[in-house]
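The text below goes through the pockets and then the ring pairs.

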Amino acid sequence: MDFTDIAFVLSARRHGESDVILSCLTREHGRHLGLVRGGAARKQRATFETGNALSLTWRARLSEQLGHFQAELIEAHIAHLMDDADRLTALSAAAGVIDATLPEREPHQDVYEDFAALIAGLVASVPDWGGLYLRWELKLLADLGFGLDLRSCAVTGATDGLIFVSPKTGRAVSKAGAGRYAERLLPLPALLIDDSAVCDATALVQGLRLTGHFLHAHLLPTKGAEKRLSARDRLVERVSPRI
């Protein structure tokens with residue numbers, strides 16, 4: 001059993017004295033784990049930083065085994081973000097979300113391409129990093145079958161004045177359509193339906209709470225998976241004081 005693929009590092013967990021268990025998002029084989037011999041050594045450690053692009057070869061005697069990775073660094077993306085704590089935190093959050101929500105060894109090339117685009121935007125220092133990240137989480141939900149319907153009001157059918165989302169159906173709701181149920185609905189920041197809208201701190205926090213609700217509702221079936229969203233929690237904590 002073996003394959004060669006390109007991948008992004010999601011996490012590297014130390015195993016024993018010198019090895020690591022590497023979790024990667026591969027282009028053709030989905031989220032995949034493997035053991036890297038000597039991966040915890042000082043010379044190897046930087047290769048397995050979150051977000052780095054690798055060329056991987058995986059081998060195992062049986063397909064159901066953990067197997068071993070041999071890896072070569074293609075691009076150290078994290079090196080471009082070390083001086084920008086916001087973008088670095090966003091990258092770590094995205095990797096953590098994928099690691100926690102994507103089924104292992106299930107091909108998702110759409111998720112791979114979207115993550116590659118997010119990394120490229122963060123590395124290129126696009127001005128609206130918050131909007132870039134929020135739209136990426138919306139795409140992830142859609143890629144995994146839980147996309148939100150933000151095109152029109154679920155109650156009135158109107159396409160303007162959309163300011164809420166139903167936490168049950170994931171459909172947009174207008175102010176008029178919300179009526180006395182407004183307090184039960186999730187705020188919908190304008191930037192998720194209008195690319196020209198500004199992503200200020202309030203909109204970013206509202207957006208993270210919105211997408212976070214549906215990530216937890218649909219893609220985190222176990223407490224173990226939920227714990228792996230700690231990097232995303234740090235992103236929310238980082239931007240919340242700016243409101």
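Helix 2 (85–101) gives the largest pocket the largest share of its lining, 4 residues. Strand 1 and helix 8 (230–239) also supply at least two lining residues each; helices (H or I, at least four residues) and strands (E, at least two) are DSSP runs numbered from the N terminus. A pocket here is an open set of points on a 1 Å grid over the protein atoms alone, where a 1.4 Å probe fits, with protein on both sides within 12 Å along at least five of seven lines; lining residues have an atom within 4 Å of a point. About 210 Å³ of space lies in this pocket, and its lining includes L10, S92, D99 and R234.

The model is predicted: local features need pLDDT of at least 70 and side-chain atom pairs pLDDT 80 or more, while totals for chains, interfaces and linings use all residues. Residues are numbered from 1 along each chain as its sequence is written, and side-chain values use heavy atoms, without hydrogens and water.

Rings of Phe, Tyr and Trp (its six-membered ring) pair if their centres lie within 6.5 Å; planes under 30 degrees apart are stacked, over 60 edge-to-face, the rest tilted. The count is 5 aromatic pairs. F8, Y112, F115, Y133 and W136 form one aromatic cluster.

Technical notes:
Grid points are joined across faces, edges and corners, and a volume is the space filled by probe spheres set on the points.
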